[in-house]
Amino acid sequence: MTPPFRSVVRLLSSVICLLSSVFGHLSSAHAGTLVSGPMLGAQAHREAFIWVETKDAKKVTLDYWLAGKPGTKQSITKTGLRTTPAGGQISHFRPGLLEMGAKYEYALSIDGEPQKFSFPLTFKTTTLWEWRTPPPDLKFIFGTCAYFNEPAYDRPGPGYGKTMETFKLMGDSGADFMVWGGDNWYYREPDFSSESGLWYRAQRDRALPELAKLLAVMPHYATWDDHDYGSNDANRSFAFKDETLRIFKAYWGNPTYGEEDNPGVYTKFTQGDAMFLLMDDRYYRDDDRLEPAEAAAMKTQYGARQRDWLKQSLLHAQTLGQYTFKFIVTGGQVITDFGGWSETFAYYQAEREDLLKFINDHHITGVIFLSGDVHFTELAREKIGTTQWVYELTSSPLSSGANTSALTERKTDPHRVDGTFVVDQNFCTLTLHGPKDDRTLTITCIDKQGTTRWTHDIKASELK
């Protein structure tokens with residue numbers, strides 16, 4: 001090869017390398033970006049749910065494999081991604097026909113670019129324990145009222161969001177899953193006056209870095225209350241309720257949402273020997289101030305169809321016989337008679353009496369209500385009929401301001417279990433444990449400093 005020809009070859013090689021570098025950088029510059037996620041949703045025996053939001057992506061790929069066995073890798077790729085009014089692209093991955101009771105590892109890539117995270121990406125499937133072994137022990141988190149400050153949209157004055165430490169503590173708790181009981185974000189006036197504003201709030205708050213680990217390390221289930229449904233104290237007249245329903249379904253990973261001919265966020269799922277019934281107290285809600293005599297039928301939070309769904313679900317759980325605990329998750333308090341600035345079942349007395357009478361008449365055992373909204377935490381109990389007890393755990397707030405007026409207005413409550421009144425940012429863990437015939441629920445309230453404020457055991461035998 002003559003020297004001039006070698007020079008030409010070297011020059012062409014340099015040009016090719018330069019072009020490759022340029023096109024590589026252009027390709028990388030035009031790759032989509034991660035907005036938030038991943039988040040784990042509903043977990044089943046043979047299926048899992050992984051959520052992620054991107055921006056300007058052409059494709060998002062989920063690779064998953066049995067832990068420690070990369071040779072079992074499978075992939076799901078999402079293309080043709082739709083853009084929300086806030087500019088995001090939401091992908092729901094549902095890998096199915098998985099091994100039962102198995103741990104999986106997974107990876108995410110956006111337009112071919114692998115995404116890196118400071119925590120391991122794993123999910124699990126449910127163990128088939130039914131008819132084979134004693135019910136497994138499990139621990140879950142329950143909390144409500146998560147306000148995240150954004151001064152440009154907040155009301156004047158000190159920020160209503162008081163801490164982000166609770167979310168870090170929950171992410172490090174080792175819980176098996178979390179149940180969000182409502183007010184999971186707070187729409188402000190600039191949000192609930194337009195569809196794009198509503199989508200913005202969900203996108204912005206979900207992307208906060210303090211939430212990232214919590215959302216990724218355990219499955220999450222959720223229902224809503226007024227602030228993530230619409231405006232404050234919103235009832236069934238809220239103009240954008242169908243849009244906020246679409247947003248809720250886009251941003252959470254529940255197994256179902258309402259029924260085909262009866263929209264809403266109500267759903268149910270099971271974990272171990274517990275059934276969870278997540279209620280929708282907004283979509284069909286009569287206003288708190290409507291007098292019962294003014295309602296065409298029973299003044300309601302749930303509507304007749306959803307109320308019947310709840311009753312049928314409780315009956316079926318009782319018939320199956322393997323669900324020691326039946327958790328009914330609803331936005332406002334059920335047992336207490338206090339009203340005030342919180343939306344409670346005290347405003348819907350006929351509906352509450354109907355539900356409690358049904359539980360008593362049909363001998364539904366193991367009933368525990370999980371509620372929030374009031375910006376303090378307490379455990380309450382009430383006897384229904386002559387022999388049966390039901391409990392209610394109210395857990396609030398996760399990060400919003402605490403209801404300091406409750407220190408005087410709610411100082412005494414005949415239903416409250418002594419020593420369980422906390423007016424501070426906190427969350428609760430609930431652990432189901434013990435042998436099949438002697439199951440125990442242990443509730444622990446943990447504040448924003450990570451201090452255990454109280455612990456209480458409830459024997460399953462107390463709920464019969």
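Which residues line the largest cavity? Okay, quick caveats before that. This is a predicted model, where local features need pLDDT of at least 70 and side-chain atom pairs count only at pLDDT 80 or more, while totals for chains, interfaces and linings use all residues. Residues are numbered from 1 along each chain as its sequence is written, and side-chain values use heavy atoms, with hydrogens and water left out.

So, the lining: F148, W180, N184, W185, A202, D205, R206, L211, L215 and W252. A cavity here is a set of points, on a 1 Å grid over the protein atoms alone, where a 1.4 Å probe fits but cannot get out, and lining residues have an atom within 4 Å of a point. The largest one holds about 80 Å³ of space, the volume being what probe spheres set on the points fill. Helix α4 (residues 195-206) gives the largest share of that lining, three residues; helices are DSSP runs of H or I with at least four residues, and strands are E runs of at least two.

Now over to strand β13, residues 274-278. Five of its five residues are buried, so the rest of the structure largely encloses it; buried means under 20% relative accessible area with a 1.4 Å probe, protein chains only. A274, F276 and L278 point one way, M275 and L277 the other.

What about its neighbours? β12 (residues 267-271) pairs with β13 in the antiparallel sense over five bridges, and pairing takes at least two DSSP bridges. On β14 (residues 325-329), five bridges again, but parallel. M275 has T270 as a bridge partner, and K326 in β14 as well.

Notes: 1 Å grid on protein atoms, 1.4 Å probe; cavity = no way out; pocket = protein on both sides within 12 Å on 5 of 7 lines; lining within 4 Å. Buried < 20%, exposed > 50% of the residue type's maximum accessible area, 1.4 Å probe, protein only.
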